[in-house]
Amino acid sequence: MPSSLPMFLTKRFYIAGLTTCTLFVSGYMIPALFTTGKVVLACLILLTIVDYVLLWRRKKAADAERFCAPRFSNGDFNDVQLVVENMYPFTVDIDIIDEIPVIFQRRDILFKVKIKPGGREIIHYKLRPVQRGVYGFGNVLLYITTAMGVVSRRIKCAEPVDIAVYPSYLMLRQYEIMTIHNNLTEIGIKKIRRRGHHTEFEYIKEYIKGDDYRTINWKASARRHFPMVNVYHDERSQQIYCIIDKGRIMQNAFRDMTLLDYAINASLALSFVAIRREDKAGIATFAEKFETFIPAGKQTGQMQQILENLYRQQTTFGESDYSSLYVHINKFINKRSLLIIYTNFDTIIGMERQIEYLRQLARRHVVLVVFFEDTEMKSFAAERPASIEGYYRQVITDKFIFEKHHVVGKLRQHGIYSLLTEPDQLSVNVINKYLEMKARCVI
């Protein structure tokens, strides 16, 4: 229920008050202005009283409601809707302030509207969270003024509410819609032709325009006196595990989001695509020790379990222990699987400390190491230096970029697949890599 707070004097009131004071002071030199000041003061007092009565004569004068999803999607723009209603018998001007969570650090959620008697105004705006967790919304504040505009009434509406910010489930909805309409290419997912004949016969159907003529079943066509084609499906039920490094190196940020959050969003999207393609998706996380493990599956509720688990993940300040990862992967995963490890190797030395454990994992599984390209460093390296100091910095930048690409080559030498990608392209690139590896029959 809305609750009223004391009145506020507007800028127009203070301007009129200042004008009155000026007239009174000037009246010592010009007596006529003193009389004018008295008239202006009397008018100001009268207008204030009338304005106050008009605004406060109704107990329930205006109301506002906030409508938004019960949980927000991290890294995406989430819709928020405000519905404001005027219950006065005259037109009013309303300044609307929504008390959004402090973490957004936005000061522009102020909307000015003019609403006719009994009218309603609908306002839309978007919020983009960059951290998972619980965000607290406050009230919606309405500052109401009449045409006179010397007094403003504040009404507090909409109860405070907490919104949980989850990994990017809006991206899943987008993928789901695109998958239904077979339009994944619109968001960057490539169509990749499979090599070989790693398909299984499913059923026979009547030929329709667009079917591959190479799949025509001539015996069935002869019996039915109509072209019939064989329908195949890809080999299914392969295990796909997204393994997320939660060590200190994943605390680095890109466009306000940590690398961990990019990895979480990509893991969620890849798990969804894998399950839609009849593969089994699972999750594992590690830092100083092995922490989370969800066995690969495609049963109902698997995606919800993955979503809830990823929501609780946080980075640590310690060094990631790949030996613990190796031990626990061998303990929990017996079947040959695709292990997609999200981490970040900045230097050859950092990679070489962990290469032996990755090699051991690659003997039993297919290992894909995903790490991140620094786009700001890449942009800086493409600029033309303007000074000697700039040349020195660019040489150092080129060295870091070279080491990133050198890591890719080193991993390839040891039979380990790798993907070096920009953070904002991670989800699309890792899905494309998964589809490519399936097409090449790597898994």
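**Helix packing, burial and phi**

Author: Helices H7 and H9 are roughly parallel to each other. This is a predicted model.

Reader: At what angle do H7 and H9 pack, and how far apart are their axes?

Author: Angles under 35 degrees count as roughly parallel. Helix H7 (residues 322-332) packs with helix H9 (residues 355-364) at about 15°, and their axes are 9 Å apart. The crossing of H7 with H9 is left-handed.

Reader: Which residues make the contact of H7 with H9?

Author: From H7 come Tyr322, Ser323, Leu325, Tyr326, Ile329 and Asn330, and from H9 come Tyr357, Leu358, Gln360, Leu361 and Arg364. Sorted by class, this contact of H7 with H9 has seven nonpolar, three polar and one charged residues. As for the spacing along a helix, an α-helix has 3.6 residues a turn, so residues three or four places apart point the same way.

Reader: At what angle do the axes of H5 and H12 cross?

Author: Helix H5 (residues 259-276) and helix H12 (residues 426-439) have axes that come within 9 Å and cross at roughly 40°. That angle makes H5 oblique to H12. The crossing of H5 with H12 is right-handed.

Reader: Which residues of H5 and H12 meet?

Author: On H5 they are Tyr262, Ala263, Asn265, Ala266, Ala269, Leu270, Val273 and Ala274; on H12 they are Leu426, Ser427, Val430, Ile431 and Tyr434. By class, the contact of H5 with H12 has 11 nonpolar, two polar and no charged residues.

Reader: How many residues of H12 are buried?

Author: Buried means under 20% relative accessible area. In H12, 12 of the 14 residues are buried, and the helix is mostly covered. The buried residues of H12 include Val428, Asn432, Leu435 and Met437. Two lysines, Lys433 and Lys438, are also among the buried residues of H12.

Reader: What are the buried residues of H11?

Author: In H11 they are Gly390, Gln394, Thr397, Glu403, Lys404, Val407, Val408 and Leu411.

Reader: Where is Thr20, and is Thr20 buried or exposed?

Author: Thr20 lies in helix H1 (residues 11-26). Its relative accessible area is 3%, so Thr20 is buried. Leaving out residues up to four places away in sequence, Thr20 touches Gly37, Val40 and Leu41.

Reader: What span is expected for H12 at 1.5 Å a residue?

Author: For the 14 residues of H12 the expected value is 20 Å, and the helix reaches 20 Å from its first C-alpha to its last. Helix H11 (residues 388-413) has 26 residues and should span 38 Å at 1.5 Å a residue; its end C-alpha atoms are 37 Å apart, which agrees.

Reader: Now the backbone. Which residue with a positive phi follows H12?

Author: Cys441 follows H12, and its phi is positive, near 60°. Just after H11, Gly415 takes a positive phi of about 75°.

Reader: Where is Gln105 found, and is Gln105 buried or exposed?

Author: Gln105 sits in the loop between strand S6 (92-98) and strand S7 (110-115). Although Gln105 is not a glycine, its phi is positive, about 50°. Exposed means over 50% relative accessible area. Gln105 has 52% relative accessibility and therefore counts as exposed.

Reader: In which loop is Arg255 found?

Author: Arg255 is in the loop between strand S16 (253-254) and strand S17 (257-258). Arg255 is not a glycine either, and has a positive phi of about 50°. With 54% relative accessibility, Arg255 counts as exposed.

Definitions and conventions. Residues are numbered from 1 along each chain as its sequence is written. This is a predicted model: local features need pLDDT of at least 70, side-chain atom pairs count only at pLDDT 80 or more; totals for chains, interfaces and linings use all residues. Side-chain values use heavy atoms; hydrogens and water are left out. Axes are lines fitted to C-alpha atoms, for helices over the stretch in contact, and angles run from 0 to 180 degrees between N-to-C directions. Helices (H or I, at least four residues) and strands (E, at least two) are DSSP runs, numbered from the N terminus. Angles under 35 degrees count as roughly parallel, over 145 as roughly antiparallel, 65 to 115 as roughly perpendicular and the rest as oblique. A crossing is left-handed if the near helix is turned anticlockwise from the far one by less than a right angle, and right-handed if clockwise. Contact means heavy atoms within 4.5 Å. Ala, Val, Leu, Ile, Met, Phe, Trp, Tyr, Cys and Pro count as nonpolar, Asp, Glu, Lys and Arg as charged, and the others, Gly among them, as polar. The expected span of a helix is 1.5 Å times one less than its number of residues. Buried means under 20% relative accessible area, exposed over 50%, partly exposed in between (1.4 Å probe, protein chains only).
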